[in-house]
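Thank you all for coming. I would like to walk you through one structure this morning, beginning with the overall picture and then turning to a few places in it.

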Amino acid sequence: AAGGGKSDALLAAALQYVDHPGYAALILRRTFAELALPDAIMARSKEWLTPHIGKSVRWNESEKTWTFTESGATITFGYLERDDDVYRYQGSAYQFVGWDELTQFPERPYVYMFSRQRRRKGVEVPIRVRAASNPGGVGHGWVLKRFPIQPNVTPAGREGRVFIPAK
């Protein structure tokens, strides 16, 4: 459901380990325009974090990145408008990748971004992927297949996935 708090939960999950040196999070939308919409996830991050600028965090407008001054941890906002846009993240390492509106993406970029998930030596945080979405969109079919929402149905090898309806 729209307005159920999915993007807030995604942003909160990205912020969970910002006190750990070397932590890096990436939050993705299909287009930059979607990231920049009023009340979208990047605007929400500014609402939450701007009061702390100069105290514990700084914003880099050109990089669309929050950097936490004590730890050096980062949260970056990115987009994957075309399938080849995944290569802009080549060489990067993220401990958290959040997908805002996952059904707007084809499956290939989603799968590729798992290769960007790793931690630097000495960074003791879990590797996590989180996704929020509404039904519909180019990825509706593959997302439903990968994350079945029927009660008590989990494909072999896909344990631990949780569907939380936003209402």
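How much accessible surface does the protein chain have, and what percentage of it belongs to carbon and sulfur atoms? The accessible surface comes to about 9,200 Å², of which 53% belongs to carbon and sulfur atoms, the areas being computed by the Shrake-Rupley method with a 1.4 Å probe, with only the protein chains shown counting as cover for residues.

Before I go further, please keep in mind that this is a predicted model, in which local features need pLDDT of at least 70 and side-chain atom pairs count only at pLDDT 80 or more, while totals for chains, interfaces and linings use all residues. Residues are numbered from 1 along each chain as its sequence is written, and side-chain values use heavy atoms, with hydrogens and water left out.

The protein chain holds 5 helices and 6 strands, where helices (H or I, at least four residues) and strands (E, at least two) are DSSP runs numbered from the N terminus. From that terminus on, the elements run α-β-α-α-β-β-β-β-α-β-α. Of the 167 residues, 43% are buried, which here is under 20% relative accessible area, with exposed being over 50% and partly exposed in between (1.4 Å probe, protein chains only).

Let me turn to the sheet. It is an open sheet of 6 strands in the order E2-E3-E4-E1-E5-E6, with mixed pairing, and two strands pair if DSSP finds at least two bridges between them. Strand E2 (57-60) and strand E6 (128-132) stand at the edges with a single partner strand each, so one side of each is left without a neighbour in the sheet. Neighbouring strands are turned by 15° against each other on average, direction ignored; axes here are lines fitted to C-alpha atoms, for helices over the stretch in contact, and angles run from 0 to 180 degrees between N-to-C directions. E5 and E6 run parallel and are joined by 5 bridges, and Gly 98 stands opposite Arg 130 in E6.

Two helices that pack on the sheet deserve a look. Helix H1 (residues 6-15) touches strands including E1 (24-29), E5 and E6, and its direction makes about 170° with that of E5, contact meaning heavy atoms within 4.5 Å. H3 touches E1, E2, E3, E4 and E5, and its direction makes about 30° with that of E3. In H3, Ile 41, Met 42, Arg 44, Ser 45 and Leu 49 are buried. Seen down the axis of H3, these buried residues fall within an arc of 155°, so they line one face of the helix; the arc is that of the directions from the helix axis to the C-beta atoms.

What about the interior? The largest nonpolar core has 25 residues, and among those with the most contacts inside it are Tyr 23, Trp 66 and Phe 77; such a core is a set of buried Ala, Val, Leu, Ile, Met, Phe, Trp, Tyr and Cys residues joined through side-chain atoms within 4.5 Å. Its largest share, 5 residues, comes from H1.

Asp 39, in the loop between helix H2 (32-35) and helix H3 (41-49), is exposed, with a relative accessible area of 56%. Glu 101, in the loop between strand E5 (96-100) and helix H4 (107-113), is buried, at 15%.
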